[in-house]
Amino acid sequence: MKWLLPILTGALLFCSSCQKDEVQQPQVLSFTLNHDTLYYRNNLLLSTSFSPVESLHFSMDISQTQSYSYLVNGTNTRVKSIDEEFSGSVATASLFTPEMYSNSQGVVTLDLYSLDNEYYSSRSDTITLLPHSIAIEVTNLSISPSTIVNTEDEVFSIDSTALSSLTLSLSLLSTDTNLLTIGDTTVHLPSQQQNHTITLPITTLLGKDNHQKSAFLPLTISHSSGIVGYRDTLFLNILSHFPDPYEPFSWHTSYEHNQFHQEFNIDPHAHISLTEAWKSSRGEDITIAIIDQGFEDTHEDLFGNIIGTYNAEDDTPHVNSGWNTNHGTACAGLSSAPINGKGVSGSAPDSKLILIAAPSLSDASIIKAFEYARTNGARVISCSWGSYNVSQIVSDKIEELYDEGIVIVFACGNDSQNLDEKNVNDESELPTVIGVGASNENNGLSSYSNYGTAVDCIAPGGSYSMGVLSVDLMGSSGSNYQMEVVDNNYAFHSGTSFSAPIVAGVAALVLSKNPALSPEQVRTILINSCEKIGNNAHYNAQGFDVMRAYGKINAAKAVTLAQSYR
Amino acid sequence: MKKLLLIITLLLPTLAEEYFYEFGEKVYLKEESTRDAIKDTKLRYFQTAKGHHMATTGDIILKLQSFDHLNYFLKNYPIESYKKLDQRTFLLTPQSGHNLFEIANRIHLDSMSIYAQPNFIRKQRGKR
């Protein structure tokens, strides 16, 4: 009999809603949305608003053909019932408004979104003609220091107005169907000015745990008299930066004037301006493949960005062999640990990760690893290993990927050697590869770093006494180098092995900003944005120093260069 | 004297030089004795003239102009099995009893291949 209980409860609820509707005698407004181009693989988000009433929203599966009935409480206490039907490629929705509000003036808008944030279809109808047409052009939104709103897409441009002031509200329709008001303001419009730039302070930020990066923002514009003037939806890319808890110890990310940096004499310029770079790029839509001997793919500060794992030797997804996995895990963290309120942030925290294990690093497994990265959409591949004796087959494979537009980064090794004098043929020296040496917390060359004319740049890899902070094997296994400031899931690591994924992440920032760039263009951008560090350096006319290559990478400058690079 | 001859006979295979083709050149290898720490029945350890250490896995990597040519090699060389590494690269396992380097070099010199060489595990430079 237990199974009857939910049915009876549902029936009772349904009856109570019927009664409420009968009492209020709703006015019915119908819309039909034709959306021939919809992809049905995703759940859709249907947003219905009746301005100036707050938006109502609920999710549904477009692939289902059935009727829905909802009672939704608007935030300004008006009660609405929405009924919609979906059949084939046509969606119909009806908005019922209680009779007491039937004379309200406003615009009803019905928007359909996919849950992957791609906008599909919209329909708006004016219920009552507006007494004023309102002019507004949003060209800039000022924001709090911790939130960056990218407004590259200009959306609003309306005819002139006689109004002297407007009330604006900006709300976020999040993918979990919560509507969050993130800002509102009253602005005074100069008369006789057709285009006006409005600064909208965002007063209510996304919650600290909400690291949503992009969203559709329904912008409601209303006159102080309560008349709704205009409503539209713009797509904004929100780059909220709430530092991960161990960022104060990540000296390679930015300089923090704190006890840690002072105690260890961290040079204020030892970082690579990552925090600054993240204001405009975080590696969105770029996949980085890390090839190493193994990974802890379940790490709390990695798995959120992992989209694939592959073992090139047994053709399985199992990359955690338990042997020598700390090295690859730390490398993955330095390129792509997400900003998620845990641990640390990689240099491209919004990039996606493919972890590829090649435990033996045999020539055959390396070929398979590169091939897997290629066929699974990697734009950047980071390799923190090398043989001084690269094979023809691997060299050719790297060239093949390079020709297909994939950026490949290699660490250049930790033997304090000039690779030119050593007469070796290292992977990092290939012309199709970005070879990376290490810089330290004193903003100089790390004493262990290899160097030579084929190395392209240096990046933080730390010193014997101070490594760069990344993820480590969870728990007590892995490195013990926590320096009493981070827990056992994280550790400080030193070596060119850790410089390479930092550079790979910066390459992802660059590609995210300008996806059309070729590997050679990415390399040019990286070396042209390098800082010439070192007191005794001898940079030549081309800006090259044999020990420090083209200098230390600078993420912010690289991203800026990428924006304008043609 | 007999004992000495026996010792020389036993040592000969270990001291014999093998070679393979890489970047258009013959790379000569001296076989090293198996290190206890990394004993593996399939692996054979070598050192190049430049001092690089590498081990063969018993397989051959073959790069072809076209996938269509694979059957030719399977028919004309003592190949037991193969695995695909990418569209035009294959890992061949020779039939037992055949010399890995000899087969790899013959295939390499065959006009139907782009190149072939034993599959090596190359000693990695030090990680930190």
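Visitor: How much area do chain B and chain A bury between them?
Guide: This is a predicted model, where local features need pLDDT of at least 70 and side-chain atom pairs count only at pLDDT 80 or more, while totals for chains, interfaces and linings use all residues; side-chain values use heavy atoms, with hydrogens and water left out. Residues are numbered from 1 along each chain as its sequence is written, chains are lettered from A, and ligands are numbered from 1 in the order in which they are written. Buried area is what two parts lose in accessible area (1.4 Å probe) on being put together, summed over both. For chain B and chain A, with 49% of it on carbon and sulfur atoms, that comes to about 2,800 Å².

Visitor: How many residues does chain A put into the contact?
Guide: Contact here means heavy atoms within 4.5 Å. Chain B brings 24 residues to the contact, and chain A brings 40 residues.

Visitor: Which element of chain B gives the largest share of the side that touches chain A?
Guide: Let's start with the polar contacts (N or O atom pairs within 3.5 Å; within protein, one must be able to donate a hydrogen and the other to accept it, and residues adjacent in sequence count only if both atoms are side-chain atoms). Across this interface there are 13 residue pairs in polar contact, both residues at pLDDT 80 or more. On the chain B side, the elements giving two or more residues are β4 (53-64), β5 (79-86), β6 (89-94) and β7 (113-122), where strands (E, at least two residues) and helices (H or I, at least four) are DSSP runs numbered from the N terminus. The largest share, six residues, comes from β7(B).

Visitor: And how many residues on that side of chain B are charged?
Guide: For sorting, Ala, Val, Leu, Ile, Met, Phe, Trp, Tyr, Cys and Pro count as nonpolar, Asp, Glu, Lys and Arg as charged, and the others, Gly among them, as polar. The side of chain B that touches chain A has eight nonpolar residues and eight polar ones, and the charged ones number eight.

Visitor: How many salt bridges are there between chain B and chain A?
Guide: A salt bridge is a side-chain nitrogen of Lys or Arg within 4 Å of a carboxyl oxygen of Asp or Glu. Over all chains, the structure holds 17 of them. One of the cross-chain pairs is A:Lys397 with B:Asp86, whose closest N and O atoms are 2.7 Å apart. Between chain B and chain A, the count is three.

Visitor: Which residue of chain A pairs with B:Arg125 in a salt bridge?
Guide: The N to O distance in this bridge is 2.8 Å. The pair crosses between chains, from the segment after β7 of chain B to the loop between β18 (407-411) and β19 (434-439) of chain A. B:Arg125 counts as buried because its relative accessibility is 7%, given cut-offs of under 20% relative accessible area for buried, over 50% for exposed and partly exposed in between (1.4 Å probe, protein chains only).

Visitor: Which residue of chain B joins the salt-bridge network with A:Lys397?
Guide: The linked residues from chain A are A:Glu371, A:Arg374, A:Lys397, A:Glu400 and A:Glu404. The network also takes in a residue of chain B, namely B:Asp86.

Visitor: How far apart in sequence are the parts that A:Arg523 and A:Asp456 tie together?
Guide: The side chains of A:Arg523 and A:Asp456 meet in a salt bridge at 2.7 Å, N to O. A:Arg523 lies in helix α8 (residues 519-528) of chain A and A:Asp456 in the loop between β19 and β20 (457-460), so the parts they tie together are apart in sequence by 67 residues.

Visitor: Where is A:Gly308, and how far in space is it from A:Ile356?
Guide: A:Gly308 lies in strand β15 (residues 306-311) of chain A. Leaving out residues up to four places away in sequence, A:Gly308 touches A:Leu353, A:Ile354 and A:Leu355. A:Gly308 and A:Ile356 are 48 residues apart in sequence, and their C-alpha to C-alpha distance is 8.3 Å.

Visitor: What share of chain A counts as buried?
Guide: Chain A has nine helices and 22 strands. Of its 566 residues, the share that counts as buried is 59%.
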